Amino acid sequence: MKFRFWQLLVLLMLLGVQLHAAGPEGRDRVQDFKMWKLMQVLNLSQDQSGKFIPIFSDLERLSQGFIESKQNYLRKLDPMVEAKNTDQGAVERLLNDLDREETEFLKRRRDLESGMFKVLTPLQRAAYVKFEADFPKMLRELLREQNEPRSGEGARDERSFDKMERPRMERPINRNRWD
């Protein structure tokens with residue numbers, strides 16, 4: 001039963017992974033790829049998965065919302081910084097709003113992470129923290145590989161996501177790993 005669950009989960013995520021797409025669909029595909037790789041690294045039980053995935057998804061949505069909001073503030077601040085006679089009060093209000101929103105984001109993120117960490121073992125928590133730190137590099141390498149010209153007509157390297165460097169734990173959490 002557990003094996004079929006993971007097969008289905010991985011199959012669904014693999015179908016959505018296409019990093020060349022742009023816009024919101026591309027961002028969703030990157031998030032799907034991130035979830036797939038994270039599930040490989042954490043090796044969650046079925047019970048843990050049922051609790052972890054919704055919290056992680058909420059955390060990702062929260063982070064994306066904050067990033068978009070911060071970009072909006074920066075777009076508003078950009079012309080103010082360039083102008084010579086900018087209303088200092090307006091700049092101060094925007095900065096205060098941004099600071100208040102960032103503080104609220106950090107509090108909500110901390111609350112979600114606290115709930116998420118209750119589901120994980122200490123070793124899984126460590127693997128999660130390491131994965132979060134390493135994922136941007138992993139994604140950059142994957143995109144660089146995908147953008148490299150391929151040699152020969154119709155030649156295709158045996159590149160896959162599984163060959164990407166990923167964080168590994170010293171010992172497997174569950175000895176019945178299927179990857």
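## Aspartate 111 and lysine 107

In this predicted model, aspartate 111 and lysine 107 form a salt bridge in which the closest N and O atoms are 3.3 Å apart. Both residues belong to helix α4, where they are 4 residues apart, about one turn of the helix.

## Aspartate 58 and arginine 61

Aspartate 58 is partly exposed at 33% relative accessibility, whereas arginine 61, at 53%, is exposed.

## Glutamate 60 and lysine 34

A salt bridge joins glutamate 60 to lysine 34, the closest N and O atoms being 3.2 Å apart. Glutamate 60 is in helix α3 (residues 46-82) and lysine 34 in helix α2 (residues 23-42), so the contact ties together parts 26 residues apart in sequence. Both glutamate 60 and lysine 34 are buried.

Lys34 and Glu60 are linked with Glu132 in a network of salt bridges. Over the whole structure, the search finds 9 salt bridges.

## Threonine 121

Threonine 121 sits in the loop between α4 (88-119) and α5 (122-147). Its relative accessible area is 32%, so threonine 121 is partly exposed. The C-alpha atom of threonine 121 is 9.7 Å from that of leucine 44, a residue 77 positions away along the chain.

Notes: Residues numbered from 1 in each chain as written. Predicted model: local features only at pLDDT ≥ 70, side-chain atom pairs only at ≥ 80, totals over all residues. Heavy atoms only, no water. Helix = DSSP H or I, 4+ residues; strand = E, 2+ residues; numbered from the N terminus. Buried < 20%, exposed > 50% of the residue type's maximum accessible area, 1.4 Å probe, protein only. Salt bridge = Lys/Arg side-chain N within 4 Å of Asp/Glu carboxyl O.
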